[in-house]
Amino acid sequence: MDNAASKKPCCERFCQFFTSAKFLIYLGHALSTWGDRMWNFAVAVFLVELYGNSLLLTAVYGLVVAGSVLLLGAIIGDWVDKNARLKVAQTSLVVQNSAVILCGILLMVVFQFKEQLSTMYSGWLLTTCYIMVISIANIANLASTAMSITIQRDWVVVVAGDDRSNLADMNATVRIIDQLTNILAPMLVGQIMAFGSHFMGCGFISGWNLFSMCLEYFLLWKVYQKTPALAIKAGQKDSDNQELKHLNIQKEIGNTEGPAEGSQLMNETAEEKKIAEKKASGCYQMAEPLRTFKEGWVAYYNQSIFFAGMSLAFLYMTVLGFDCITTGYAYTQGLNGSVLSLLMGASAISGICGTVAFTWIRKKCGLIRTGFISGVVQLSCLLLCVASVFSPGSPFDLSVSPFEDVVKHLFGDGASRLPSDIIDSTIQNNSTTADIEAPQINSYLSVSLLFAGVIAARVGLWSFDLTVTQLIQENVIESERGIINGVQNSMNYLLDLLHFIMVILAPNQEAFGLLVIVSVSFVAMGHMMYFRFAYKSLRSRLFLFCSPEQKPDPNIPSLPNSV
């Protein structure tokens, strides 16, 4: 009897957690990110396979996705701010998954009937299919961006309530889910495509998204029910207040006795009508996206956490990550696929350690100081990457022009070649290296130092990312969360695009050391921006502590919750 009584509270807490809004958020996010990671991995493989082992379609898709988020990030965020939370989440969910399902079905048709499609209308029908696939996939990515802003930047804040430690724990858990799904989801769909076919891969992803959409839709509704605060939104309250004010003015006009007061109220009403008519005009509505774009970037610049957000964006201007660029360089240095997969696993473990460290350091030192410590850790680890440039085994050679490969591919075979021929021949020459034995390297010290620095720096990187994320969550007002986070995504994509342009300008391995130095420089500039933000914030905190009667500066974050 005593044992049963002692176990009952524990079982109740266990059940309460698995039925809580917090766990349902985690479960829905896991389903969503699992589908996203499978699709992001598979769509690149599908596009390469469709275009004859050329990366042209993949490159076009990447450019379209980055450009779309860069231009539409603020507009998507503004839409998130101005609509009800449940409507935004469910609409984004349905659009995203429906687009992936449609894209998967279209890819299945193309894989099944590619030869027939290539002969119809001189190949234009197949080209149209490629355009449709890229366009629909881009719509799915934009909807995914809206979903990410809604859930990770807004719902999580509301569900956590006023408990900042709870918010930090939720952010860390969401990031751990991201890390795990980033490894496991591509492995699953990769095995399906390897032992089955690309046709089966498309079918599996479409079926998964259909199942996931239904379950996520239900989970969103349950979280919304369990968290009444989600039904209250700042933007909607302001709109309701404006309507109520308009009704009160009409009542006052009817009840007023003085002709002067009545005429004044009528003039105010007439002015409001003129403004409403102006907003209803076609030209005004056509220019609305441009105004939203401008207002979003201005609002982002005026935020107290502007330098913190910019510091995070600058970390995207780097080749020191496990993307196709760094892994491609590693292959030229003699590392095979097995070693690279182990290094990627170690990188994921390092990222999870950084996520766990974030929650511990924040409790001990405060949020702003956590970002400072994370920045120092990341920069210290990246010094290993700088050392690798000058270590034995490094191909770094400033006597070789970084533009040599570009010039050779553009003009080496004559100026009469078409741009598409140049791109295809370049990619085919690069892709054939997969069938050639890895090059012989005299020393592995350089590449070892490079990846040791990259992997160790993930601890500081992910801790810093969580710090800036929570600073934005805590210090951006509720009515601007969407548009500010939309602009933040645009900034991230902008710097990411710049790093790809940097690689295009210096693609040879002799220039990779220069790219490493430039990358570390941008990371250092990013952390200098954060150090400026932290110094200003902490100094203001100290000044307010010494002078309690002094009113706080509105340009300084709400430090009692942040420090």
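A residue counts as buried when its relative accessible area is under 20%, as exposed when it is over 50%, and as partly exposed in between, using a 1.4 Å probe and protein chains only. By this scale Cys353 is partly exposed, because its relative accessible area is 42%. Cys129 is buried, because its value is 10%.

This structure is a predicted model, in which local features need pLDDT of at least 70, side-chain atom pairs count only at pLDDT 80 or more, and totals for chains, interfaces and linings use all residues. Residues are numbered from 1 along each chain as its sequence is written, and side-chain values use heavy atoms, with hydrogens and water left out.

## Overall make-up

The protein has 563 residues, and 45% of them count as buried. Its secondary structure consists of 22 helices and zero strands. Helices (H or I, at least four residues) and strands (E, at least two) are DSSP runs, numbered from the N terminus. There are zero disulfides in the structure, a disulfide being a pair of cysteine sulfur atoms within 2.5 Å.

A contact means heavy atoms within 4.5 Å. Among the contacts in the protein with a separation of 6 or more, 84% come from residues 24 or more positions apart.

The expected span of a helix is 1.5 Å times one less than its number of residues. The bend at a residue is the angle between axes fitted to the seven residues ending there and the seven starting there. The table lists the end-to-end C-alpha distance as the span.

| Helix | Residues | Span | Expected span | Bend |
|---|---|---|---|---|
| α3 | 56–82 | 38 Å | 39 Å | about 55 degrees at Leu72 |
| α7 | 164–195 | 47 Å | 46 Å | about 30 degrees at Thr181 |

The N-terminal end of α7 is capped by Asp163, with a side-chain oxygen 3.1 Å from the backbone nitrogen of Ser165. Helix α19 is mostly covered, with 25 of its 31 residues buried.

## The cores

A nonpolar core is a set of buried Ala, Val, Leu, Ile, Met, Phe, Trp, Tyr and Cys residues joined through side-chain atoms within 4.5 Å. The largest one has 62 residues, and Leu320 and Phe451 have the most contacts inside it.

Leu320 sits in the loop between α13 (306–314) and α14 (324–332). Leu320 counts as buried because its relative accessible area is 8%. Residues up to four places away in sequence aside, the residues touched by Leu320 include Leu382, Cys385, Leu450, Val454, Arg458 and Val520. Leu320 and Val520 are 200 residues apart along the chain, while their C-alpha atoms are separated by 8.3 Å.

Trp39 lies in helix α2 (residues 21–50), and counts as buried because its relative accessibility is 5%. Not counting residues up to four places away in sequence, Trp39 touches Tyr61, Val100, Cys103, Leu107, Ala137 and Ile205. The C-alpha atoms of Trp39 and Ala185 are separated by 9.1 Å, although these residues are 146 residues apart along the chain.

Gln152 belongs to helix α6 (residues 124–160). Gln152 counts as buried because its relative accessibility is 15%. Beyond residues up to four places away in sequence, Gln152 touches His29, Met147, Asn171, Val174, Arg175, Asp178 and Gln473.

Gln378 is part of helix α16 (residues 367–389), and is buried because its relative accessible area is 5%. Leaving aside neighbours within four places in sequence, Gln378 is in contact with Leu315, Ala457, Gly460, Leu461, Val523 and His527. The side chains of Gln378 and His527 also make a polar contact at 2.7 Å. A polar contact is a pair of N or O atoms within 3.5 Å; within protein, one must be able to donate a hydrogen and the other to accept it, and residues adjacent in sequence count only if both atoms are side-chain atoms.
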